[in-house]
Amino acid sequence: MDTMKGLKRTNYCGETKGVGQTAVVGGYVQKIRDLGNLIFIDLRDRTGIVQLAFDDGTDRGIFEKAKSCRSEFVLMAKGTVRERESKNNEIATGDIELYVDDLRILAKAQTPPFEITDETKVNDELRLKYRYLDLRRSVLQQNIIKRSLIAKTARDYFAENGFIEIETPMMIKSTPEGARDYVVPSRIHHGKFYALPQSPQIYKQLLMISGFDRYVQLARCFRDEDLRADRQPEFTQIDLEMSFVDVEDILEIGEGFIKRLFKDVMNTDIPTPLPRLTYREAMNRYGSDKPDTRFGMEIQDITAAVKDSEFVVFKSAIESGGSVRAIVAKNAAKTYTRKEMDKLVDYVKGIGAKGLAYVRWADAEPNATFKKFFTPEEIMSLMTELGAEQGDVVMIVADKDKVVLPTLGALRLKVAKRLDIIPDGWNFLWITEFPFFEYDEESGSWAAMHHPFTMPMDECVQYLDTNPEKVIAKAYDLVLNGIELSSGSIRITDYELQQKMFEALGLTDEEIEAKFGFLVEAYKYGAAPHGGMGIGLDRLSMLMCGADSLRDVTAFPKVQNASELMSGAPGTIDDVQKEELAIATIESEKE
């Protein structure tokens, strides 16, 4: 095998230029074209491809070495940049090539289990098993590079705005934060466990109490929960906290970051201030607290219009305190035939609704599933009120609002995707004024929608004991194209109010001490008003890269069962390790 001795890389492959210049490049063999007396090798690195050229004038030893190369061999080549005879407009270096006078084979490669190309039909399992090969593909490399630029821009922006980057512990005490903890057994303290942080929440609040008034961290977080395309068990958030602020200050700094980020990374101007909706407005109009506002099809309340109907579905919903609401799918009648509508009925039943009433206006007259209970004039009047026209489909759900709104919200997205009416764009949105509590019908009690340190609106404190449903939180989310990017709130800093909040959540003094004792103690020594947020770096990168999954912006991701196919994690440990940790394991029947 050759060595690099005497050669030092001067150019990246995709950035090679300057006809007549001498250049040294290094990379992987993408493709070889052996034409007998001519050999062309496409050499690839993370910046792109450059063509290496060999001909009758090439030293015979170098020529034969080039002839022996195969896909994915690692080469270094020195030569003269010259104009290419057959130009290639599809690559940045398509006008030039490197006429080689020195070639080194630094590593040979077996035939890879799949071709290293951007467009691949290889199944995910094989790609993830050989992730180090998958990561050679340009599309993934560019995603990872863009993610790195996003992280750098975040650090630059927050540093320029007076934030101090501080690392918080990775092994902490387990505290309730909504998801299941990953735990680490202690070798020294037998029977006790550390938890991996779901977020740096408590520590960043302690940093505010410590006097670091502006904190930021690209924080690794861990949650042992079921996975999906936009969720991994370990993830990174751009985590920040600020003292002597209220909601407006935090939203302003967040908007400044988004504007800077998209300008620097995407060369796109994001207009600010960003639009805002209250939680209630978002639910009523879109059926979601993270709505995609790139398209219309907003939910319309038709309760008043059908209140005198004898149609039992509408009537019973209204009588039980619910509502009747609809969405209008424009020009959807051809796509949504009777058969397709039956599928949508099954879909809404599968997500918790009792059914779906609808009107298909395919012909001259609209055809409603409830036409027995309405005159043609009443149906036409309803269509007029909804702004429906011939060719449209009206979809109606009647039930309690907590069923109607999320059902129509999910249906709105499903139908829009099927009709392909969601345009490209960057629709940011703040959701504000979240309810503080949500009612759990199974337990018959009120539970916090946020962590227990979230500050209620000043005017709502009086309702903590008497009317929990009236309590609004100083909490806010940042949404992009229907995906939640960030969540944050102003924190409680008053010791007595914090105790009142714990009591409202039904926590005993013993539970408070066991779970949050050190933080409650810290507040006794004075705390500036503070709040913050955490912006999901992974989800932000996924959207900015146009990727379909977090896997495409994560170097070594986990699959749905939280395992990593390449290394085989999680794995077993030996008996000596178990003994040191004073733990025993129960063998699973599946194993």
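Buried means under 20% relative accessible area, with exposed over 50% and partly exposed in between (1.4 Å probe, protein chains only). Strands (E, at least two residues) and helices (H or I, at least four) are DSSP runs numbered from the N terminus.

This is a predicted model: local features need pLDDT of at least 70, side-chain atom pairs count only at pLDDT 80 or more, and totals for chains, interfaces and linings use all residues. Residues are numbered from 1 along each chain as its sequence is written, and side-chain values use heavy atoms, leaving out hydrogens and water.

Now show the whole of E16, residues 393-399. Seven of its seven residues are buried, so the strand is largely enclosed by the rest of the structure.

Two strands pair if DSSP finds at least two bridges between them. Select E13, residues 323-329: seven bridges join E13 to E16, and the two run antiparallel. Find alanine 326; its bridge partner in E16 is isoleucine 396.

Then select E14, residues 357-360. E14 pairs with E16 over four bridges, also in the antiparallel sense. Here arginine 360 stands opposite valine 393.

Last stop: the largest cavity. Select Leu128, Arg131, Phe556, Pro557, Lys558, Val559, Ser563, Glu564, Leu565 and Met566, which line the largest cavity (lining residues have an atom within 4 Å of a point). On a 1 Å grid over the protein atoms alone, a cavity is a set of points where a 1.4 Å probe fits but cannot get out.

Conventions:
On a 1 Å grid over the protein atoms alone, a cavity is a set of points where a 1.4 Å probe fits but cannot get out, and a pocket is an open set with protein on both sides within 12 Å along at least five of seven lines; lining residues have an atom within 4 Å of a point.
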